[in-house]
Amino acid sequence: MIALLAAACGGTTTPSTATTSAPTTTTPVESAPLIAAPTDERFEVVADGSNGPTARVFVSYPRVAGADSFNDAVGEDVRAQLDEFNELYIGDEPGGVAIPELNVSFDYLVASGDVLGVRLESYEFAGASGGTSWRTVYYDAREGLVRSAIELLTGEAAFTELVAVAQTELSDRGFGPSPNPGAGAAVRNYDSLAFLANGDLLVEFDDYQVASGGDGRVAFVVEAATVDPWLSDFGRRVQAQVMSPDGALTLPTAPPTTAAPPTTTSPTPATTPPATTDAPTTDPPPTTIPAPGSGEDVDCAIVACVALTFDDGPVASTNRLLAILAERNVQVTFFPVGSNVERNPDIAAAAVAAGHEVGNHTFDHVDLTTRSPDIIREQMQSTQAAVRAATGVTPTLFRAPYGATNGDVAAFGLPQIMWSVDPEDWKDRDADIVAQRVLAETDAGEIVLLHDIHPTSVDAIPAILDGFAERGFTVVPVTTLLGGDLTPGEVYYRR
Ligand SMILES: [Zn+2]
């Protein structure tokens, strides 16, 4: 989303007065004031995805231990989008053109004092063109209540004034008819509101909401002086915490011991994964730190090697996987998404410290084949930077989300690692099925695709390792499997 944020913010804001005499805005700032992900262990990422022949889905959203109604609201928001998307696209005949995609990501706006706010971003590609939408969700930790964007304002009159300012702004900038139907006085039209560090209010509209797709994202800023009389008590508290954060978020009850709730975002009715062992409380303590890429001394030209690869983390269940791998002294290859590395840098660092290989799987898990060369580069570069910052190691391998690649991806210059064994662990959230498929399909030299975001896949690992050991396979990182010296841009499926 980094690239999307930077892109397509056309137009400059102009002063408008609407129903108030106070100056409105001259500030050209239109990016949401995102903050770095809080790193304390109450803040978790829930990630899920599917890779079907007719639709590609990846969602990540926050879960904050102790903020139950917030978690419910965010989870419900994402589930509703998934249901809608799945209904439209899952089970269609493959169309032959580009595959529809849903990608949900998020950033924190504020997590300080007794207020929490996130901005959810959804990119939906319908097979011909894509559009992005945003909405903000707030949490009033004092009351234990989730709050919509519009609850930053104090009532009907304030909302009416905001709508009037928006209409003037859009008209001045030449967007759509006046009044613009996409900015009418309906709450759903104003579902993304955020404060800037100076107290101004950022109002943003979805792609296509108030302008044609070519205009990109449309947003404008209302000056703090204008906004001031509109704010609810809650809005004032949010504004104050954005302008001058108290520090850590204070929740009324914040037991960090509860595990992530089961998530069932698979298009098939997924079984409820057991989620009692993924509390992010235990880092796997490697007793010794092996040299990076231990197993390098294994010669896979002689030894029967296989590589296990784990995509889309790191998340809480990655910790449990690391503990299993450490117990058995097995090194694997991770393909994390950069956004999750930024949110869970400790887990990424623990993986590298334990001798695992860490590659690049884009920042937001996007289907690169439907993005511009600029976005492709940004997605890959920002992930290189995130992994380097968290682990000290710069990835030397790349895996395209959904295995979807093209010449622009190759041009980035990292060897592209695909897979030759896919147990479809995203479809069947069942450890026995996943283990059976992997063991039935894997021969020496193969690369196995798994996802550490699914607790059931982590559950399958002991049986997989047992089965490999019985057959005399040595599990090694991908680079070792392939014998090193990989060619930039080349696509590898197996040894
Ligand atoms: Zn993936």
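Two strands pair if DSSP finds at least two bridges between them. Keep that rule in mind for the exercises below. The model is predicted.

**Exercise 1. Trace the partners of S2, then decide: is strand S2 (residues 56-64) largely enclosed or open?**

Step 1. Take the partner S1. S1 and S2 run antiparallel and are joined by 9 bridges. A hairpin of 4 residues leads from S1 to S2. Glu44 stands opposite Arg63 in S2.

Step 2. Take the partner S3. Here the sense is parallel, with 4 bridges between S2 and S3. Val57 stands opposite Leu102 in S3.

Step 3. Recall a rule. In a regular strand, side chains alternate between the two faces of the sheet.

Step 4. Sort the residues of S2. Arg56, Phe58, Ser60, Pro62 and Val64 point one way. Val57, Val59, Tyr61 and Arg63 point the other way. All of these are buried.

Step 5. Conclude. S2 is largely enclosed by the rest of the structure, because 9 of its 9 residues are buried.

**Exercise 2. Work out the order of the strands in the sheet that holds S7, S8 and S9.**

Step 1. Read the order. It is S7-S8-S9, an open sheet of 3 strands with antiparallel pairing.

Step 2. Find the edges. Strand S7 (193-195) and strand S9 (218-222) each have a single partner strand, so one side of each is left without a neighbour in the sheet.

Step 3. Check one pairing. S7 and strand S8 (residues 201-205) run antiparallel and share 3 bridges. The bridge partner of Phe195 in S8 is Leu201.

**Exercise 3. Is Pro33 buried, partly exposed or exposed?**

Step 1. Locate Pro33. This residue lies in the loop between helix H1 (2-6) and strand S1 (43-51).

Step 2. Apply the cut-offs. Buried needs 20 or more other C-beta atoms within 10 Å, and exposed needs 12 or fewer. Pro33 has 17 C-beta neighbours inside 10 Å, so it counts as partly exposed.

Step 3. List its contacts. Beyond four places in sequence, Pro33 is in contact with Leu109, Ala194, Phe195, Leu196, Ala197 and Val242.

Step 4. Consider Phe195. Pro33 and Phe195 are 162 residues apart along the chain, yet their C-alpha atoms are separated by 7.2 Å.

**Exercise 4. Which residues touch the most other members of the largest nonpolar core?**

Step 1. Name them. They are Leu116, Leu202 and Val203, in a core of 73 residues.

Step 2. Find the main contributor. Strand S3 (residues 101-112) gives the most, with 7 residues.

Step 3. Check the domains. Domain 1 (2-243) and domain 2 (305-492) each supply at least three residues to this core.

Step 4. Compare with the second core. That one is separate, has 56 residues and includes Phe310, Phe334, Ile375 and Ile464.

Key. Residues are numbered from 1 along each chain as its sequence is written. This is a predicted model: local features need pLDDT of at least 70, side-chain atom pairs count only at pLDDT 80 or more; totals for chains, interfaces and linings use all residues. A nonpolar core is a set of buried Ala, Val, Leu, Ile, Met, Phe, Trp, Tyr and Cys residues joined through C-beta atoms within 7 Å. Helices (H or I, at least four residues) and strands (E, at least two) are DSSP runs, numbered from the N terminus. Domain bounds come from an automatic or database domain assignment. Two residues are in contact if their C-beta atoms, placed from the backbone, lie within 7 Å.
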